[in-house]
Amino acid sequence: MNDRIDLDIERRLTAFWDALGDDDDLAESDSRLLAIVDGLPVARILFERASLRDALGFEADAVPLYEAALAAGLPSPDGERAVIQLASSLRNLGRAEEAFALLEPFVEDDEVGAQASAFAALCLIDLGRNAEAARLALSALAPRLPEYGRAVASYVDELELD
């Protein structure tokens, strides 16, 4: 596929996601999505379909599609996004420990660490590990605070764990 076609598909996908409403019909939306992603690698199609189900509140249906996309070799950056979204869906299904285990390897990642940390912190809260959740979230936030990052990082080190 050439770059011009790729850009057209990406623009169409962006428009699709921008127009998607929380209460849109899954079957109709899935048909529109499939028309856009036709011809893309299978892993990407699986990822987009999982994301649609996730966005519309069908997390249980999204999980196997995320897993299949990852098993099919979904490349970066979509692979990392799929792990984060899979973990979020698992957490929403009451599987916070499993979700945290997926996210933990990504919290130090330069590209997706902050996003992974946010969802990992939510998992920790669900697991009753509130101080650890605060530590993780504040550690991810501190580098983004130009005036107070150093102070926040220092205070994080002083937090008592649960």
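Ala43, Leu46, Phe47, Arg49, Ala50, Ser51, Arg53 and Asp54 in α3 meet Glu59, Asp61, Ala62, Leu65, Tyr66, Ala68 and Ala69 in α4. Contact here means heavy atoms within 4.5 Å. This is a predicted model: local features need pLDDT of at least 70, side-chain atom pairs count only at pLDDT 80 or more, and totals for chains, interfaces and linings use all residues. Residues are numbered from 1 along each chain as its sequence is written, and side-chain values use heavy atoms, with hydrogens and water left out.

**Helices α3 and α4**
- Ala, Val, Leu, Ile, Met, Phe, Trp, Tyr, Cys and Pro count as nonpolar, Asp, Glu, Lys and Arg as charged, and the others, Gly among them, as polar.
- Helix α3 covers residues 42-55, and its axis lies 8 Å from that of α4, at an angle of about 160°. Axes are lines fitted to C-alpha atoms, for helices over the stretch in contact, and angles run from 0 to 180 degrees between N-to-C directions.
- α3 and α4 are therefore roughly antiparallel to each other. Angles over 145 degrees count as roughly antiparallel, under 35 as roughly parallel, 65 to 115 as roughly perpendicular and the rest as oblique.
- α3 and α4 make a left-handed crossing. That term applies if the near helix is turned anticlockwise from the far one by less than a right angle; clockwise is right-handed.

**Overall layout**
- The protein chain has nine helices and zero strands. Helices (H or I, at least four residues) and strands (E, at least two) are DSSP runs, numbered from the N terminus.
- The C-alpha trace of the protein chain spans about 55 × 35 × 30 Å along its principal axes.

- Ser76 and Pro77 are joined by a cis peptide bond, with omega about 0°.
- Pro77 sits in the loop between α4 (59-71) and α5.
- Most peptide bonds are trans.

**Helices α5 and α6**
- The axes of α5 (residues 78-92) and α6 (residues 96-103) come within 7 Å and cross at roughly 165°. That makes α5 roughly antiparallel to α6.
- The crossing of α5 with α6 is left-handed.
- Val83, Ile84, Leu86, Ala87, Leu90 and Arg91 in α5 meet Ala96, Glu98, Ala99, Leu102 and Leu103 in α6. By class, this contact has nine nonpolar, no polar and two charged residues.

**Helices α6 and α7**
- The axes of α6 and α7 come within 9 Å and cross at roughly 150°. The two helices are therefore roughly antiparallel to each other.
- α6 passes α7 in a left-handed crossing.
- Ala96, Ala99, Phe100 and Leu103 in α6 meet Ala116, Phe119, Ala120, Cys123, Leu124 and Asp126 in α7. This contact counts nine nonpolar, no polar and one charged residues.

**The largest pocket**
- The largest pocket has a volume of about 230 Å³. A volume is the space filled by probe spheres set on grid points, which are joined across faces, edges and corners.
- On a 1 Å grid over the protein atoms alone, a cavity is a set of points where a 1.4 Å probe fits but cannot get out, and a pocket is an open set with protein on both sides within 12 Å along at least five of seven lines; lining residues have an atom within 4 Å of a point.
- The lining has 13 residues, of which Val107, Glu108, Ser117, Ser139 and Ala140 lie nearest the pocket centre.
- α7 (113-126) and α8 (130-141) are the elements that give two or more residues to this lining. α8 gives the most, with four residues.
- The lining divides into five nonpolar, three polar and five charged residues.
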